[in-house]
Number of protein chains: 2
Amino acid sequence: MRYTALLLILSFAASATAQAATPSEIVATAPASSWISIPGDDLLVMEIEGGRRVIFQLADRFAPAHVANIRKLAAAHWWDGTGIYRVQDNYVVQWGDRSEKKALPADARKNLPQDYVIDRKTVTGGLTLMPSRDSYAAATGFLNGWPVATDGKALWPVHCYGTVGAGRNLAPDAGNGGELYAVIGHAPRHLDRNIAIVGRLVEGTEHLSSLPRGTDSLGMYGESQKAIPILSVRLASELPEKERPHFQMLDTMSDTFAAYAKARANRQDEFFNVPAGGADICNIPVPIRRYL
Amino acid sequence: MRYTALLLILSFAASATAQAATPSEIVATAPASSWISIPGDDLLVMEIEGGRRVIFQLADRFAPAHVANIRKLAAAHWWDGTGIYRVQDNYVVQWGDRSEKKALPADARKNLPQDYVIDRKTVTGGLTLMPSRDSYAAATGFLNGWPVATDGKALWPVHCYGTVGAGRNLAPDAGNGGELYAVIGHAPRHLDRNIAIVGRLVEGTEHLSSLPRGTDSLGMYGESQKAIPILSVRLASELPEKERPHFQMLDTMSDTFAAYAKARANRQDEFFNVPAGGADICNIPVPIRRYL
């Protein structure tokens, strides 16, 4: 545990160990102190027709106005009866009210500020920078459990597989948080800084990624494709205690995470001949587990 | 067209044009001379139960022994009656003979050489290097239509969404080309140089990426999940002329491709506020189209 460190910079130099532990072995043997519980107010539980449940974690830190609105929409049960209407291969699944006519709850904002980046100066701890070069930014790393990139002045969350963002129309519109999307393909990092990232999938990803692709332009469901009904979306904290899911994420400031990230960049289990010696930020997914 | 150039090195510096063309507009208006026809011997057509067709393109250049074996297996109709037995979310779909007991055709090799990288010195033309930094290699680019990485001495194809490779058991085994996989998630670049890349999907990707995920370890189909039957796999050149599909790929040495790659790295259509200024090699998919 290195909570006191303002900033960690890891090295991915391969260790001399002949048979190093695999990333999953490192995670499986992580001490309890390396895990951080995710508050119930940060977990959204989406029930989809057919007994399919998808759970995602919200990220206040990056898009606070969007996440505040999303909590209000969930509290008002706004998504109940909406649907999944876009599935674009190697890109995103999108859900909400396709007509964009459904009234928002009275306490929700109709057009949100562009909270796409934060000021690097406001980050006073919790940041671990990764050593690998990045194709899009001066540096990448993890801020309190979330993958981020920075140019030195600004810092922003990045689009990886499973990232959840808030759809919008053409800039400078920023949407209202009602139309959400999840990434189901190669990291679309060109979206970084151009749209609000509000969270990430933590369970049930396969229920979105395996949906039939939309036949219309941009993967929109076509005339012969019915939107997939969303039965309900609830904050975990609103669910009866017995139904409430509990998750923990690996502390990205922990020694365990450092070892995990290094192992991701230098796979040394028997299958591999040549360790990569690096890993892009989206190839180091933050381990998340159910507990209790 | 710059066929005479041994090596192109692009620059992604943003142009001064206020409203630049989008990547898809550039591809849509490409002159005929920018397209290269893909030979019928390089196209494999896989028919899956349920009227689903998946087509992939073979890459001799990188794994010639594997591709030669694959052509022999296809000619012997070896895959007919095999199945898709592994679908791991954000990773791969795998197919072939799960039992690994099906006899190979007499003219096929049983254990192939590790043709995972080629000598950079054998590349005397057709290479375009990309300016963006890469998390895994000294440089990346395209060799005659295929995404590659290099450390200066060796050069190898990279794993992107849609890449097709030949499954194997633990190193130094290299398999026989019968068990194939396709990437359906974020680029697993740690596989580069560790396994034979034999091609890429060019049509019907969604029939693989939307399959139900396997419930067993590594996404293997579990007891309650039946393998998805493969009806046939044929080289396009073996099909009757009327059924033969025809594809072209954008010439990665063309001016059109250079403009397309630059536009991918600097999206300037109305949706975007901030162009990325870079793109990783897997975020510049080589445009491929049907023709005739």
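Reply: First, a definition: buried means under 20% relative accessible area, exposed means over 50%, and partly exposed lies in between (1.4 Å probe, protein chains only). This is a predicted model, where local features need pLDDT of at least 70, side-chain atom pairs count only at pLDDT 80 or more, and totals for chains, interfaces and linings use all residues. Residues are numbered from 1 along each chain as its sequence is written, chains are lettered from A and ligands numbered from 1 in the order in which they are written, and side-chain values use heavy atoms, leaving out hydrogens and water.

Me: Is helix α4 of chain B mostly covered or mostly uncovered, and how many of its residues are buried?
Reply: Helices (H or I, at least four residues) and strands (E, at least two) are DSSP runs, numbered from the N terminus. Helix α4 of chain B takes in residues 255-265 and is mostly covered. Among its buried residues are Phe257(B), Tyr260(B) and Arg264(B). The count for α4(B) is eight of 11.

Me: Which elements cover the buried residues of α4(B)?
Reply: Contact means heavy atoms within 4.5 Å. The cover on the buried residues of α4(B) includes α1 (23-28), β9 (139-143) and β16 (247-250) of chain B.

Me: What do the buried residues of α4(A) pack against?
Reply: Helix α4 of chain A, residues 255-265, has eight of its 11 residues buried. They include Thr256(A), Ala261(A) and Ala265(A). The buried residues of α4(A) pack against α1 (23-28), β9 (139-143) and β16 (247-250) of chain A.

Me: Why does Thr205(B) count as buried?
Reply: Thr205(B) sits in helix α3 of chain B, residues 205-209. Leaving out residues up to four places away in sequence, Thr205(B) touches Asp89(A) and Tyr161(B). Thr205(B) counts as buried because its relative accessible area is 15%.

Me: What radius of gyration does chain A have?
Reply: The radius is taken over C-alpha atoms, and the globule rule is 2.2 Å times the number of residues to the power 0.38. For 292 residues, a compact globule would come near 19 Å. Chain A agrees, with 19 Å.

Me: How far apart are the end C-alpha atoms of residues 53-235 of chain A?
Reply: An unreviewed UniProt entry places "domain: PPIase cyclophilin-type" at these residues of chain A. UniProt positions are given in the numbering used here, feature names are shortened, and annotations may be inferred rather than shown by experiment. The span is 9% helix and 32% strand. Its end C-alpha atoms lie 13 Å apart.
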